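Biologist: I would like to learn how to read charged pairs and surface patches in a model. Could we go through them one at a time?

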Amino acid sequence: MIGKNRLWWTMWLALKPNLKSGRFEEFKQELADKIAYAQEHLDEVIREREDAEKKHGRITAELDEIKVSLAGGTNAKDDILQKIARLEDAKTSLQKEINVLNTRIANETENCEGLQEGLKKTESTQSSLGREMRECENKLSSVQNEKADKDAQIKQMKEEVQHQEELVGKLNKEKKAINES
């Protein structure tokens, strides 16, 4: 192939495997979708945590109320103690649920941050590849200009050689004419 020895061809072959610019919008959209999903999910987890905290508050209020009534009377003591035990079990289970939800919220927040960093990296890579592409286009343009200059020089030299050959031919004719006379 003729272009194998050209500078622009070697530059193109070196640059071509690194080009991913056609897929950047796909990467950006995928990262944006993941961020949106994580944020929607984060809101859901926060709502679940708030619901669990409301249940916890209600149960704590009932527990306090039972403790107050327990201090005042002794005839239903066993029933109230059982109710207190059940409420304390519910309280601990709700506290565990709140802790699990808090860890989920922390994980989702970390995922959002990681996805945003990935999006920033993708955008910076895209801009650097665009910059490299412009530099390569400039180099290609300068190489093409140099080639055009060299082609023009070659054409001019061919014309000069042809002119010199014509002059040599004329001188040879004159020489023959002088030798014959």
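This is a predicted model: local features need pLDDT of at least 70, side-chain atom pairs count only at pLDDT 80 or more; totals for chains, interfaces and linings use all residues.

Biologist: What makes a pair of side chains a salt bridge?

Modeller: The test is a distance: a side-chain nitrogen of Lys or Arg must lie within 4 Å of a carboxyl oxygen of Asp or Glu. By this rule the structure has four salt bridges. One of them joins the side chains of Glu 30 and Lys 34, with 3.5 Å from N to O.

Biologist: Where do Glu 30 and Lys 34 lie?

Modeller: Both belong to helix α2, which covers residues 24–72. Four residues separate Glu 30 from Lys 34, about one turn of the helix.

Biologist: Which other pair lies within helix α2?

Modeller: Glu 53 and Arg 49 are both in helix α2, again four residues apart, or about one turn. Their side chains form a salt bridge at 3.8 Å, N to O.

Biologist: Which salt bridge involves Arg 104?

Modeller: The side chain of Arg 104 meets that of Glu 48, at 3.8 Å from N to O. Arg 104 is in helix α3 (residues 77–180) and Glu 48 is in helix α2, so this pair ties together parts that are 56 residues apart in sequence.

Biologist: How should I read the accessibility of these residues?

Modeller: A residue is buried under 20% relative accessible area and exposed over 50%; between those values the label is partly exposed. Glu 30, at 38%, is therefore partly exposed, and Lys 34 gets that label at 40%.

Biologist: What are the values for Arg 104 and Glu 48?

Modeller: Arg 104 has a relative accessibility of 31% and counts as partly exposed. Glu 48 has 30% and is partly exposed too.

Biologist: And what are the values for Glu 53 and Arg 49?

Modeller: Glu 53 is partly exposed at 38%. Arg 49, with 23%, is also partly exposed.

Biologist: Now the surface patch. Which residues form the nonpolar patch?

Modeller: To be included in a patch, a residue needs over 30% relative accessible area and no salt bridge. Here Trp 8, Trp 12 and Leu 13 form a nonpolar patch on the surface. Together they have about 290 Å² of accessible area.

Biologist: Where is Trp 8 found, and is Trp 8 buried or partly exposed?

Modeller: Trp 8 is in helix α1, residues 7–15. Its relative accessible area is 34%, so Trp 8 is partly exposed.

Terms used. Residues are numbered from 1 along each chain as its sequence is written. Side-chain values use heavy atoms; hydrogens and water are left out. Helices (H or I, at least four residues) and strands (E, at least two) are DSSP runs, numbered from the N terminus. Buried means under 20% relative accessible area, exposed over 50%, partly exposed in between (1.4 Å probe, protein chains only). Patches are made of residues with over 30% relative accessible area and no salt bridge: like charges are joined within 9 Å, nonpolar side chains (Val, Leu, Ile, Met, Phe, Trp, Tyr) within 5 Å. Accessible areas come from the Shrake-Rupley method with a 1.4 Å probe; for residues, only the protein chains shown count as cover.
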